[in-house]
Each structure stands twice: as C-alpha cells, then as structure tokens.
Amino acid sequence: MVSTGVALGLTVLTLVAFSGLGLLHSRGRVGSVEDLITARDSVGEKRMTATLVASVMGVWILLSAPEAGASFGIAAVVGYAIGEALPMLAYAKIGPRVRAVIPDGHSLTEYAHARYGASMYAFVLAVSGLYMFVFLAAELTGISRALAMVADVPQWQTAVLVGGFVLLYTGYGGLRASIFTDTLQAIIVMPLLVIAAAGAVFALGGPGAVYDGIVATNPTLLDPGFWPGLQFGLALSFAILGAELINQTWWQRIYAGSDSETVERSFLRASLANGLIVLGAAFFGVVAAGHANVVTAGEGYNADLSFFLLLNEAFPEWLVLAVVLLALLLVMSSVDTLFNALSSLVTADLPRLIDDPDDRTLALGARAFTVVIAVAAIYVSLRARSVLRLFFLADLLGAAVAFPLLYGLYSRRLTGTGALLSSLAGLAFGLAYFPDLREYITAIPIVGANLPVADDLYLTSFAGAFILSTLLALVAAQLSTSTVDHDALSRRIRRLDGSGAESPADD
C-alpha cells in the first residue's frame, strides 16, 4: 500500500499547483458575468478539443468504466466506448445549430423556457441539474474511495480537499479558469494514461500473460458475442447519449468556441479521442477480473474498484503513485466543469426571478451557488456507494427527455405540452423496468403490483425510455397545428451584461 503521507502530500501539491494556475490565468479576464459563465467566442480549436476531452475524462473512467468491463466483459467495453463517442458526434451538428438559433444564449434551461414554456423548463431544470449533481458527487465519491483503498486516506479528507481547492479557482475564474486548467490536464493526462497502460501490461508479465489470466478466470469476458455483455453495452450507449445531451457542460462550450466551425471540428475530434480512451479504460476492468479478487455480485461487491484492486495486488508503488496523480487530475477536470455548469444554469435564469439585477449581483449569485453545490456534493459523496449505479437514475432521466428537448431546435411544430408528455411517458416506461428503485416503485398502490419484471441489465429501461420519448415527440409534432418562430428565440434570449462585443479566440 502507498504511504498515506505521500499520497496526501501529492494530492495537496497537485491541487495547489492547478488552483494557483487557474487563479493566475483568470486574473483580469473575468470582467462580467458573461466572462464568468460562458467565456463567449474566446476558445480556439486546440483548446476547445482539449477541454472537451478533459471534461469527459473524470475519475469515473478508472472506476465505472472498468466496473462495466469486469462485470460484463469486452461487449460492454465496446458499448461504453460507443456511448461516450456518440454524444460528441451529435454535438458536432447540434452545436452550430444552437449558435445559429440562440446566438446570445447561455444554458439549455434558458432555451427550454423560451422554446417550450414554464412546465417543460421546470422538468428540464430538474433533470439536468440532478444529472450533473449526481455526476459531481460520483466524481468525489470515486476519488475518495480510490485514495482510501490505495493509501488509506480518509474519504472526508479527499472530498474536502478536492472540492475546496477546485471551488477556489472556479468560483473566481469561472469557465475561463476551467477551460485553461482542462487544457493543462489533458496535456498531462494523456501521457499518464499511456504510461499506466504500458506499466500495467509489463507488471502483469506482458500481453500473453494478461490474456491467459483472463481466460483462466472467466473466458466469457473476452467473448464479443456474450449476450448479457451486449445487452449491457447497448444499454450504456442509450444511457450515456441521453444523459450527455442534457448536460449543460457542453452547452457552455458551444458558446465558448470562437465560431461554429471550431465547435463542429472540436466535437468531432473529441468523439474519436473519448471513444478510444474509454475503450482502453473499460478494458482494464476485464484485465482486473482475470488478475485480482474482483467480486461482481452479492456481498463484498467491489467491481467499481476493480482497477485499483489490480493496482494494489500486482503493480509497483511508482505506478500506483502515477495512477493516483492521474485520478486526481481526472477528477479536477470534471469537477471544475460541473461546478461551472450547475452555477450557469441558475445564473442564466436569475434575470427572470430578480427584477433587473446588475452584473455584480449575477456574478455574486453564480459564485454563491457554486459554494452551495460544492458543500452538498461533498456531503453526498461521503455516503455514496457504487459509482456506476450512481449514474443510472440520472441517465434514465436524460434518456427520456433528450430528444424531445433538442428536437425543438429543428421542429417548428413540437409544442411544450407535446415535449413534456413525450418525456414523461418515456420516463414512466423506463422506470417500469428500472431495477435500482424496484422496492420503491412496486410499493405504489395498484400500479406497483402490475409492473413488468425489472430488467437487471437496463437495456429495456434505457432504450425504451429513449425510443418511446423520441417516437412520441415525432408524433406530437406531426399532430400539432401551431408553429414556433425560431427567429423569436434569439430576441427573447439576450446576453446578461447587455453587450454584443466578441472576444478574440486563442489556442
């Protein structure tokens, strides 16, 4: 086991270094609330690609991605990789459309209110906010559990340190600080991923020994036609696609890009990079199942820590320390992004709640809400268990609402009522087959006793929610007799500081 003092010292040193860099970069660059929450038109293609990659690469790629591989094998590994690549591909087309329809926008909830009205807005706000908060809590849970396992660092210390330091520079520098530190983290993380992968294979005796260990333990993990693995992998594809399409993180970066072409190219590049990264990370779970004491069901379940179990059993201390640093950088890159995204949701809506707030009030509100988010996420992270399953409920919500929400960017006929009913119907279908809340759902009078058997592999739940809400939204648009003027959206949604100036892009 790595020394607790060494691991804690490395953690603090890394946090101090990146917090200081984020604060220095932001100094003098955050002149208004627009700078704080959108960094509008200021990011060139290289930095945009870097922040898209770094923001996806949370510590979950060392936890929930290997958890899927250890539990369901290579088929789930491929499904996870495809699931992470698809949203970036979708945003390569959606991003330019968002900039064209709502050039002065800030958030997806702001768009939902202007396009669909108050009811759909409230539903989207709840779904998007819950998803990102769960993501945030899961990240803090993951890094806390990982350091507790490899170095016996108390979980509360890790959660408070990471949450506190990241809050320091994101509260001051906003999105500009986050994108800058993301760029640095991506530059460092990519080589560390390669070093960790190569070191792992070497420590286990080479590719042949890795393969033999997996085959000897459970050969079905290497079977691409293993049906439970295929089901779970396909379920992950639907879950991740739906969830990421209602993630405010990406809407912020759509506006931060210097122009529509930059946004499109950056998302396309990130799609390839993210798919390959997750493919490699999830495969480590398969390796761990063949070389460590990984329990994938029942008492003692530890598949979410499969990669770190492998580290503790087979790897030298220098490699463990490299992975600790990697995990810390990963969690910082996603936590600062989520702090900013959640804060921007509320800040963009404050002008409707407060009578003519000035720029200082809006900026203060953004920073105060970021503090509240940080404290709440730290609290939840100390009580969470499986990182992968933390995501599943939020993923289901995203799968149900994603298409009806975004279809309004293209369809002039889909109404707020149609979008909301389509989303709720998809969610109801998904919950009917959702296993994680089974004991609560079946307790509902009359309804509970008539529910179908839960789908333990989630495919029926996630795919059903996404497909049903999509079909119903298409039907609702066809049946509607009213039309919406997309041009009116740009008149309803204006910049918070009243400016229209554009900032120069940089790489």
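This is a short tour of a predicted model, stop by stop.

**Before you start**

Residues are numbered from 1 along each chain as its sequence is written. Local features need pLDDT of at least 70, side-chain atom pairs count only at pLDDT 80 or more, and totals for chains, interfaces and linings use all residues, while side-chain values use heavy atoms, with hydrogens and water left out.

**Stop 1: colour by confidence**

Colour the chain by pLDDT (the predictor's confidence in each residue, from 0 to 100). The chain mean is 86, and 95% of the residues reach 70 or more. Select helix α13, residues 306-314: among the elements of the chain, α13 has the lowest mean pLDDT, 79. Then select helix α19, residues 459-479, which has the highest, 96. Helices here are DSSP runs (H or I, at least four residues), numbered from the N terminus. Next, go to residues 501-507. The pLDDT there is below 50. Beyond near neighbours in sequence, that stretch has 22 contacts in the model. A contact means heavy atoms within 4.5 Å.

**Stop 2: α4 against α12**

Select residues 64-72 for helix α4 and residues 260-291 for helix α12. At what angle do α4 and α12 pack? The angle is about 45°, and the axes are 6 Å apart. Axes are lines fitted to C-alpha atoms, for helices over the stretch in contact, and angles run from 0 to 180 degrees between N-to-C directions. The pair therefore counts as oblique. The cut-offs: under 35 degrees is roughly parallel, over 145 roughly antiparallel, 65 to 115 roughly perpendicular, and the rest oblique. The crossing of α4 and α12 is right-handed, meaning that the near helix is turned clockwise from the far one by less than a right angle.

Now show the side chains. From α4, pick Ala65, Pro66, Gly69 and Ala70. They meet Ala281, Ala282, Gly285, Val286 and Ala289 of α12. By class, this contact has 7 nonpolar, 2 polar and no charged residues. Ala, Val, Leu, Ile, Met, Phe, Trp, Tyr, Cys and Pro count as nonpolar, Asp, Glu, Lys and Arg as charged, and the others, Gly among them, as polar.

**Stop 3: Asn274, also in α12**

Stay on α12 and select Asn274. Its relative accessible area is 1%, so Asn274 is buried. Buried means under 20% relative accessible area, exposed over 50%, and partly exposed in between (1.4 Å probe, protein chains only). Which residues does Asn274 touch, not counting those up to four places away in sequence? They are Leu52, Val53, Val56, Glu84 and Met88.

**Stop 4: Ala85 and Gly275**

Move to helix α5, residues 74-101, and pick Ala85. At 14% relative accessibility, Ala85 counts as buried. Draw a C-alpha to C-alpha distance to Gly275: 4.8 Å in space, 190 residues apart in sequence. Leaving aside neighbours within four places, Ala85 is in contact with Ser271 and Gly275.

**Stop 5: Ala112**

Select Ala112 in helix α6, residues 108-116. Ala112 is buried, at 0% relative accessibility. Outside four places in sequence, Ala112 contacts Gly117, Tyr121, Val124 and Leu405.

**Stop 6: two positive phi values**

Go to Asp152, in the loop between α7 (118-151) and α8 (155-203). Phi of Asp152 is near 60°, a positive value in a residue other than glycine. Finish at Tyr458, in the loop between α18 (438-441) and α19. Tyr458 is not a glycine either, yet has a positive phi of about 75°. With a relative accessible area of 2%, Tyr458 is buried.
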